[in-house]
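Here are a few notes to go with your first look at this one. Have the model open while you read, and take the points in order.

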Amino acid sequence: MPLLFSSCIGAGYHVFTVAVITIVLAIVGEFYTERGSLLSAAIFVYAASSPVNGYAGGSMYARFGGRHWIRQMALGAFLLPSLVCGVAFLINFIAIYYHASRAIPFTVMLAVTAICLFVILPLTLVGTVLGRNMSGQGDYPCRVNAVPRPIPDKKWFVQPWLIVLMGGVLPFGSIFIEMYFIFTSFWAYKIYYVYGFMLLVTIILAIVTVCVTIVCSYFLLNAEDYR
């Protein structure tokens, strides 16, 4: 569980960094004038900022006392790209089969795979090594008991599964309207060019997510659930 959790933390830092940098580049430049320029920039930024993933995930895994740091590094490097590329490649193979005009050439898929293997993986390794050596020691404000305490029975509204479900309502509500315009630009062939407003929505999403996380953690700790 610490291995997967640390990999998800690193992937989250990575995605947030890529989103902010890509939106800022879109505000400075004019990505909407050329087809695929925004996606190309996002792929380049994702590959170049891979040390962020390794640093965050590697340092978190080291604080947990994990020993299989190579597995964590590989999982963090390929967790998100494998999911996204797997779905995209499957849809693209179907598009190639039906001779669709918007199908991505097979050489582009090979290039993306090569980027994952020869760019993202080494940079994630560098970030993991730096994270383990620079921020791998836990600086906890209190002493942790070696014997876990029994968790008492909780009421239904402080169950972890319910808090997880309800905790996603506010972050989703903060970006719902903006996601409508983004998906409209994808599927209705409309041009999206209000990247400044997208940056504002991204910042609001980050703030709302942090606040919801603090509140949900407080509810669980108040119910003496330390898991």
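1. How do the axes of helix α1 and helix α8 cross, and within what distance do they come? Keep in mind that this is a predicted model. The axes of α1 (residues 2-28) and α8 (residues 195-222) come within 9 Å, and they cross at roughly 160°. An angle over 145 degrees counts as roughly antiparallel, so that is how α1 and α8 lie to each other. Their crossing is left-handed.

2. Now for who touches whom in that pair. On the α1 side you'll find F16, I23, V24, A26 and I27, and these meet Y195, G196, M198, L199, T202 and A206 of α8. Sorted by type, the contact has nine nonpolar residues, two polar ones and no charged ones.

3. Zooming out, the protein has eight helices and zero strands. Reading from the N terminus, the order is simply α-α-α-α-α-α-α-α. Along the principal axes, the C-alpha atoms fill a box of roughly 60 × 40 × 35 Å.

4. How much of the protein is buried? Of its 227 residues, 29% count as buried. As for contacts, take those between residues at least 6 apart in sequence: 78% of them join residues at least 24 apart.

5. On to the rings. The count of aromatic pairs comes to five. One of them is F93 with F106, a tilted pair with 6.5 Å centre to centre and 40° between the planes. F93 belongs to helix α4 (residues 69-97) and F106 to helix α5 (residues 106-135), so this pair ties together parts 13 residues apart in sequence.

6. Another pair to look up is Y218 with F219. The ring centres are 6.1 Å apart and the planes stand at 50°, so this pair is tilted. Y218 has a relative accessible area of 51% and counts as exposed, because the cut-off for exposed is over 50%. F219, with 40%, is partly exposed.

Methods. Residues are numbered from 1 along each chain as its sequence is written. This is a predicted model: local features need pLDDT of at least 70, side-chain atom pairs count only at pLDDT 80 or more; totals for chains, interfaces and linings use all residues. Side-chain values use heavy atoms; hydrogens and water are left out. Rings of Phe, Tyr and Trp (its six-membered ring) pair if their centres lie within 6.5 Å; planes under 30 degrees apart count as stacked, over 60 as edge-to-face and the rest as tilted. Helices (H or I, at least four residues) and strands (E, at least two) are DSSP runs, numbered from the N terminus. Buried means under 20% relative accessible area, exposed over 50%, partly exposed in between (1.4 Å probe, protein chains only). Axes are lines fitted to C-alpha atoms, for helices over the stretch in contact, and angles run from 0 to 180 degrees between N-to-C directions. Angles under 35 degrees count as roughly parallel, over 145 as roughly antiparallel, 65 to 115 as roughly perpendicular and the rest as oblique. A crossing is left-handed if the near helix is turned anticlockwise from the far one by less than a right angle, and right-handed if clockwise. Contact means heavy atoms within 4.5 Å. Ala, Val, Leu, Ile, Met, Phe, Trp, Tyr, Cys and Pro count as nonpolar, Asp, Glu, Lys and Arg as charged, and the others, Gly among them, as polar.
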